Amino acid sequence: MGLYQICISVLILLLSLTAGGLPNVLSRKIAEAEVKGNYKRQNSLMAQSLLIGLTASAIVIIVLYSLGDKLSIIFADDRCVDMFLIMLPAVLTSTLYALIRSWFWGRKKFLAFSFTEFLDSIFKIAFSAFFISGIISSISGAIGISIAFILADVLCVLILFILYFANGGRLAKPTGFLELEKSAIPITTTHIAGSAVNSLTAIVIPAQLVLIGMTTPQATAEYGRLAGMALPLLMAPSSLIGSLAVVLTPEIASYATQGDNKALLNKLESSLAFCVFITSMFLAVYAPLGKNLGVLFFGDEMAGVYVSQCCLLILPIGINQVASTVVNSLGMENKCLLHFLIGIAILLPCIFFLPRVIGIYAMPVGSMLSNSVLTILNMRSLRKKLGQPIHTWKKSLLLLLFALPSAALTYFLQGILTHFLPTVLVIILAGGAGVGIFVTLSSVFKVVQIGSFIANKFHLPLKKKSAVANKA
């Protein structure tokens with residue numbers, strides 16, 4: 001699995017080159033054409049995107065296969081080379097996978113969009129279990145996983161093509177190369193720069209910790225606790241907000257095409273309120289229960305301490321996740337790239353110099369500063385684009401205030417229950433009580449209408465009021 005993770009990290013970087021921001025742009029263009037009922041344009045853009053993806057993937061695959069064993073210079077373990085060469089065709093299949101799903105994304109067919117991702121996970125698990133089980137004696141564990149990976153990818157792409165044609169998709173004469181690439185290049189650059197900064201951080205932070213007196217194993221362990229344990233937990237709200245971002249892209253593009261700024265502003269404000277609601281609810285749990293979560297998931301108290309100490313980081317990350325999605329959906333990809341580069345310019349000095357002052361905390365502090373500035377810049381661009389203020393700060397402030405008594409109750413119950421119950425029950429009971437108080441306060445003060453909110457986000461029918469109630 002270690003070899004697999006190393007290979008996957010390289011493949012993700014390659015996918016930034018072959019697909020990059022193209023799926024985001026394609027989904028927006030498909031949504032715009034959907035509003036106008038221009039299905040011929042949808043098919044032409046789809047064909048052009050596939051042509052771009054196929055060409056870029058073919059070049060990457062040919063170049064890397066021609067290097068052969070020389071690829072060992074990019075891996076820390078030479079055993080990765082054989083595994084990587086087996087997985088390399090996934091550059092092509094994953095590019096096609098991302099592009100075809102974007103067609104469903106733009107047409108708001110979220111069931112097909114999500115179901116294929118679920119199938120991909122199922123296939124990878126099933127094929128991996130088969131090939132590493134020893135049924136085929138000539139296939140080892142590492143090679144078996146790599147074969148399972150590529151087979152799952154190929155099967156998912158075939159299913160996507162079938163669904164594409166079954167849902168009315170066709171391949172027309174490719175058009176729109178320049179408009180696709182003009183918008184995709186800034187997003188692709190953002191993806192590549194983000195991957196590069198993450199890799200640089202993984203090198204610089206441990207090296208800086210060694211300079212202040214830690215041994216290399218100690219520095220690596222501290223970085224592992226924060227980056228490999230605490231941060232994945234802290235990113236849990238991003239999964240929920242990411243689901244919202246998927247829905248937002250075609251909806252915002254549709255409103256922009258129709259020139260309906262009022263609907264666009266309402267959608268943005270409700271999405272930001274949802275984002276702050278989710279992050280505030282997690283804050284009420286993470287701040288008091290971080291140590292318990294660290295013990296439960298990783299058997300490591302210090303990782304949990306990092307969760308509690310760094311939990312405020314989820315707020316700017318979550319808000320920016322929504323803001324940057326809307327900025328890109330409105331065709332301001334260059335603005336988003338510029339803001340991202342400004343964020344990097346703030347982050348880099350933090351990871352190079354702050355470890356000597358505050359140790360491992362340089363990483364979350366740098367990320368907090370970077371994402372906060374990025375959020376402010378993206379929100380400022382949205383306000384200018386819409387030509388009117390975005391009224392969310394009052395609701396946001398109230399939600400953050402409601403998180404305080406919720407966190408206090410959770411902390412109080414945690415202190416009592418820890419003496420009598422196992423960790424998992426402490427988290428369920430104390431965390432459940434805190435979340436319950438938070439949701440209750442949000443509903444009582446009508447900051448968030450939970451019923452209508454759920455119905456709106458998940459497209460459920462609202463219960464109609466009676467005639468008497470309507471008159472009242």
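Leaving aside its neighbours within four places in sequence, which residues is V322 in contact with?

Author: Quick background before we zoom in. This is a predicted model, where local features need pLDDT of at least 70, side-chain atom pairs count only at pLDDT 80 or more, and totals for chains, interfaces and linings use all residues. Residues are numbered from 1 along each chain as its sequence is written, and side-chain values use heavy atoms, with hydrogens and water left out.

Now for V322: once you set aside neighbours within four places in sequence, V322 is in contact (heavy atoms within 4.5 Å) with I241, L244, L248, L268, S271, L272 and C275. V322 also belongs to the largest nonpolar core, which has 69 residues. A nonpolar core is a set of buried Ala, Val, Leu, Ile, Met, Phe, Trp, Tyr and Cys residues joined through side-chain atoms within 4.5 Å, and buried means under 20% relative accessible area with a 1.4 Å probe, protein chains only. V322 is among the residues with the most contacts inside that core, along with L234, L268, Y286, V326 and L382. Helix α11 (residues 261-298) gives the core its largest share, 17 residues. Helices here are DSSP runs of H or I, at least four residues, numbered from the N terminus.

Apart from this core lies another one, of 29 residues, with L26, F123, V157 and L180 among them. L26 takes us to helix α2, where L26 is one of the residues that meet α3.

How values were computed
Helix = DSSP H or I, 4+ residues; strand = E, 2+ residues; numbered from the N terminus. Buried < 20%, exposed > 50% of the residue type's maximum accessible area, 1.4 Å probe, protein only.
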